Amino acid sequence: MSKLCPCGSKKTYSNCCEPFHLGQATAQTAEALMRSRYSAYVLENETYLLKTWAKTTRPGQIPFEKGLVWTKLRVIKTQKGQATDTEGKVWFKAYYQQADQKGVMSEKSFFIRDEQSQWVYVNGEVR
């Protein structure tokens with residue numbers, strides 16, 4: 001049995017975020033990109049995270065926090081970010097556990113389409 005995708009879509013990883021991570025498909029909406037980026041954080045896929053980050057705000061590397069395990073994603077709201085839009089926002093909560101501590105990170109993420117018309121992450125407001 002295939003494992004479920006970390007993004008919470010209830011689809012298998014192979015039928016959800018894996019094609020994005022392998023470069024076999026591209027996200028058609030800002031929310032799909034955000035979900036695939038969350039899965040990439042779960043799997044510590046730095047290459048995908050950097051590739052889907054806007055050139056103007058992209059860091060040199062991703063500092064994954066040792067012992068931090070992402071446990072659940074909840075999309076709260078989206079604004080624009082559809083197939084015909086050029087920008088979008090996604091509000092989400094990402095739940096995590098580190099040692100015996102549980103926590104939640106809330107963010108409003110900003111996305112744009114790049115020169116190749118692909119969705120990329122610009123930045124986010126963590127709350």
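Buried means under 20% relative accessible area, exposed means over 50%, and partly exposed lies in between (1.4 Å probe, protein chains only). The model is predicted, so local features need pLDDT of at least 70, side-chain atom pairs count only at pLDDT 80 or more, and totals for chains, interfaces and linings use all residues. Residues are numbered from 1 along each chain as its sequence is written, and side-chain values use heavy atoms, with hydrogens and water left out.

Salt bridges are treated here as a side-chain nitrogen of Lys or Arg within 4 Å of a carboxyl oxygen of Asp or Glu. The count comes to four. Glu125 is partly exposed, with a relative accessible area of 38%. Glu125 forms a salt bridge with Lys108, and the closest N and O atoms are 3.8 Å apart. Glu125 lies in strand S4 and Lys108 in strand S3, so the pair ties together parts that are 17 residues apart in sequence. Helices (H or I, at least four residues) and strands (E, at least two) are DSSP runs, numbered from the N terminus. Lys108 counts as buried, at 13% relative accessibility. Glu125 also pairs with Arg127 in a salt bridge, with 3.5 Å between the closest N and O atoms. Arg127 is exposed, at 58%.

Another salt bridge joins Arg35 to Glu31, whose closest N and O atoms are 3.0 Å apart. Both residues lie in helix H2, four residues apart, or about one turn of the helix. Arg35 is buried, with a relative accessible area of 18%. Glu31 is partly exposed, at 25%.

Empty space was examined next. Rolling a probe the size of a water molecule over the atoms shows where empty space is left. The search uses a 1 Å grid over the protein atoms alone: a cavity is a set of points where a 1.4 Å probe fits but cannot get out, a pocket is an open set with protein on both sides within 12 Å along at least five of seven lines, and lining residues have an atom within 4 Å of a point. Grid points are joined across faces, edges and corners, and a volume is the space filled by probe spheres set on the points.

The largest pocket has a volume of about 520 Å³. Its lining holds 23 residues, and Arg37, Tyr41, Ile62, Trp70 and Met105 lie nearest its centre. H2 gives the largest share of this lining, five residues. The lining divides into 17 nonpolar, two polar and four charged residues. Here Ala, Val, Leu, Ile, Met, Phe, Trp, Tyr, Cys and Pro count as nonpolar, Asp, Glu, Lys and Arg as charged, and the others, Gly among them, as polar.

The second largest pocket holds about 320 Å³ of space. Of its 20 lining residues, Lys51, Asp114, Gln118, Trp119 and Val120 are the closest to its centre. Ten are nonpolar, five polar and five charged.

One cavity of 30 Å³ or more is present. Glu31 is among the residues that line the largest cavity, as are Lys80 and Lys89.

The structure holds zero disulfides, a disulfide being a pair of cysteine sulfur atoms within 2.5 Å. The sulfur of Cys16 lies 3.6 Å from the closest cysteine sulfur, in Cys7, too far for a bond. Cys17 is in no disulfide either, and the nearest cysteine sulfur, that of Cys5, is 3.5 Å away. Cys16 is buried, at 14% relative accessibility. Cys17 is also buried, at 2%.
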